[in-house]
Amino acid sequence: MLVESMVLRAIPMSVLALAAVAGPGAASTSAVPREFAVQGTSAGLTSAQITTLQSRTERYLAVMGGRQTGLNKIDLDGKGTVSIALPGEAHPRNLPGTTSDYCGWLTGAPYGRFCAYSGTWYTGDSIDMYYCDRYTIGFSGPGSWDNNQSTGTRARMYNNVNRVVYTTPPAASHDRDGNWTGIAYVRNC
């Protein structure tokens, strides 16, 4: 409790005021839930960065669904995760109290996963798809993907009227300089 109160004293008042209005677990574009404000402050983020990450997380939640589990993390109902980078940063941060970002840019997608990235060369926000399912893609424009599922597995990319736009080569395959424009969903297996 002493550690938490020391951390809370370090949180800028503007962020604490937003968290107090929202209460625990609330999500709106004007409030940062207290537990996520603490995560951001513990990581040395400014109140503006904390608010930006919360706003971006809420936009993904509105498009993709799921449950916010960290300031920059979304659990997609146990099937995958979304990790969100700060604007201007190449990769999502691993904030205190959150799980690692498995769609690492140095290592690529771990075996058995399909990773989608909002930027080229495995940068930006990432969607880690580790359960065979259909995933909404919450970004558009230049991006990349890494298919490291079981040997031979192909992912299919669909437009908003559920037509296949692209089928990946068999795993292991990747595209460092792709384009998400027109892609609404990915079925990773």
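Colleague: Is cysteine 189 buried, exposed or partly exposed?

Modeller: Bearing in mind that this is a predicted model, cysteine 189 has a relative accessible area of 26%, so it counts as partly exposed, lying between the 20% and 50% cut-offs.

Colleague: And which cysteine does a disulfide join to cysteine 189?

Modeller: That is cysteine 132, with 1.6 Å from S to S, and cysteine 132 is itself partly exposed at 40% relative accessibility.

Colleague: What handedness does the link have, and how many disulfides does the count come to?

Modeller: The link of cysteine 132 and cysteine 189 is right-handed, with 75° about the S-S bond, and the count comes to one disulfide.

Colleague: Which parts does the pair tie together?

Modeller: Cysteine 132 sits in the loop between S5 and strand S6 (134–136), while cysteine 189 belongs to the segment after strand S11 (185–187), so the parts tied together are 57 residues apart in sequence.

Colleague: Changing topic, which residues touch the most other members in the largest nonpolar core?

Modeller: Those are Ile127, Ile137, Trp180 and Val186, in a core of 29 residues. Two or more residues each come from helix H3 (34–42), helix H4 (47–64), strand S4 (113–119) and strand S5 (123–129), and H4 gives the most, with five.

Colleague: What does tryptophan 180 touch?

Modeller: Leaving aside residues up to four places away in sequence, its contacts include Ile137, Phe139, Trp145, Met157 and Val186.

Colleague: How many residues does the other core have?

Modeller: Five, among them Cys103, Cys115, Tyr117 and Tyr122, and this core lies apart from the largest one.

How values were computed
Residues numbered from 1 in each chain as written. Predicted model: local features only at pLDDT ≥ 70, side-chain atom pairs only at ≥ 80, totals over all residues. Heavy atoms only, no water. Core = buried A, V, L, I, M, F, W, Y, C linked by side-chain atoms within 4.5 Å. Buried < 20%, exposed > 50% of the residue type's maximum accessible area, 1.4 Å probe, protein only. Helix = DSSP H or I, 4+ residues; strand = E, 2+ residues; numbered from the N terminus. Contact = heavy atoms within 4.5 Å. Disulfide = S-S within 2.5 Å.
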